[in-house]
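Here are my notes on the model, point by point. Please read them with the structure open.

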Amino acid sequence: MLAGTPRGKTLAAVLATTLAAAALAGCNSTPPPTPLSQLNDQQMRGHAVFQARCGVCHYDRQRGDLHGPSLLGVFKKQALPSGAAATDERVMATIQHGRNMMPPVGSSMDPQDVADVLAYLHTL
Ligand code: HEC
């Protein structure tokens with residue numbers, strides 16, 4: 001029964017502060033990606049395409065920049081890093097036509113691979 005003692009109260013206060021800080025920090029983050037083990041067939045194919053075609057420049061399951069911005073939670077946020085709306089159309093256009101330092105990788109991709117990678121991005 002620590003809670004009744006002064007030390008217990010201090011501990012509770014520290015815990016409450018820590019939890020509040022964690023909750024605040026959480027405001028900036030999106031829900032975690034779907035675990036790989038729960039992806040459907042198309043999403044799994046998209047994961048493979050991502051690793052082959054995007055992974056050299058983008059993280060998918062962790063934050064931080066590689067050559068381009070992390071795509072973690074890309075469709076869970078309102079806007080893409082550029083500020084454009086986070087829609088399938090904009091992401092497809094980015095893949096097809098490139099953007100600044102990003103080459104038009106989609107021009108050498110099978111349309112099915114583009115669709116699959118998009119399905120995977122939705123799980124992040
Ligand atoms: C050679 C490196 C490279 C590869 C390969 C690459 N990207 Fe990028 N990507 C970038 C860079 C750099 C940016 C930042 C462009 C900018 O806004 O200046 C970027 C930006 C993006 C953005 C954000 C666009 C925006 O409007 O903010 C998306 C989405 C994206 N890439 C998706 C992909 C996907 C999906 C693939 C694989 C099919 C891919 N990229 C492959 C380098 C790359």
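**Notes on the predicted model**

1. Now the overall fold. The protein has four helices and zero strands. Read from the N terminus, the order of elements is α-α-α-α.

2. Next, the packing of H2 and H4. Two packed helices are described by the angle between their axes and by the distance between those axes. Here the axes of helix H2 (residues 41–53) and helix H4 (residues 111–121) come within 7 Å and cross at roughly 100°. Angles of 65 to 115 degrees count as roughly perpendicular, and H2 and H4 are therefore roughly perpendicular to each other.

3. Which residues make the contact? From H2 come Gln42, Gln43, Arg45, Gly46, His47, Val49 and Phe50. H4 supplies Asp113, Asp116, Val117, Leu118, Ala119 and Tyr120. The contact of H2 with H4 has six nonpolar, four polar and three charged residues.

4. Last, burial and contact range. Of the 124 residues in the protein, 14% are buried. Take the contacts between residues at least 6 apart in sequence: 48% of them join residues at least 24 apart.

Note on methods. Residues are numbered from 1 along each chain as its sequence is written. This is a predicted model: local features need pLDDT of at least 70, side-chain atom pairs count only at pLDDT 80 or more; totals for chains, interfaces and linings use all residues. Helices (H or I, at least four residues) and strands (E, at least two) are DSSP runs, numbered from the N terminus. A residue is buried if 20 or more other C-beta atoms lie within 10 Å of its own, exposed if 12 or fewer, and partly exposed in between; C-beta atoms are placed from the backbone. Two residues are in contact if their C-beta atoms, placed from the backbone, lie within 7 Å. Axes are lines fitted to C-alpha atoms, for helices over the stretch in contact, and angles run from 0 to 180 degrees between N-to-C directions. Angles under 35 degrees count as roughly parallel, over 145 as roughly antiparallel, 65 to 115 as roughly perpendicular and the rest as oblique. Ala, Val, Leu, Ile, Met, Phe, Trp, Tyr, Cys and Pro count as nonpolar, Asp, Glu, Lys and Arg as charged, and the others, Gly among them, as polar.
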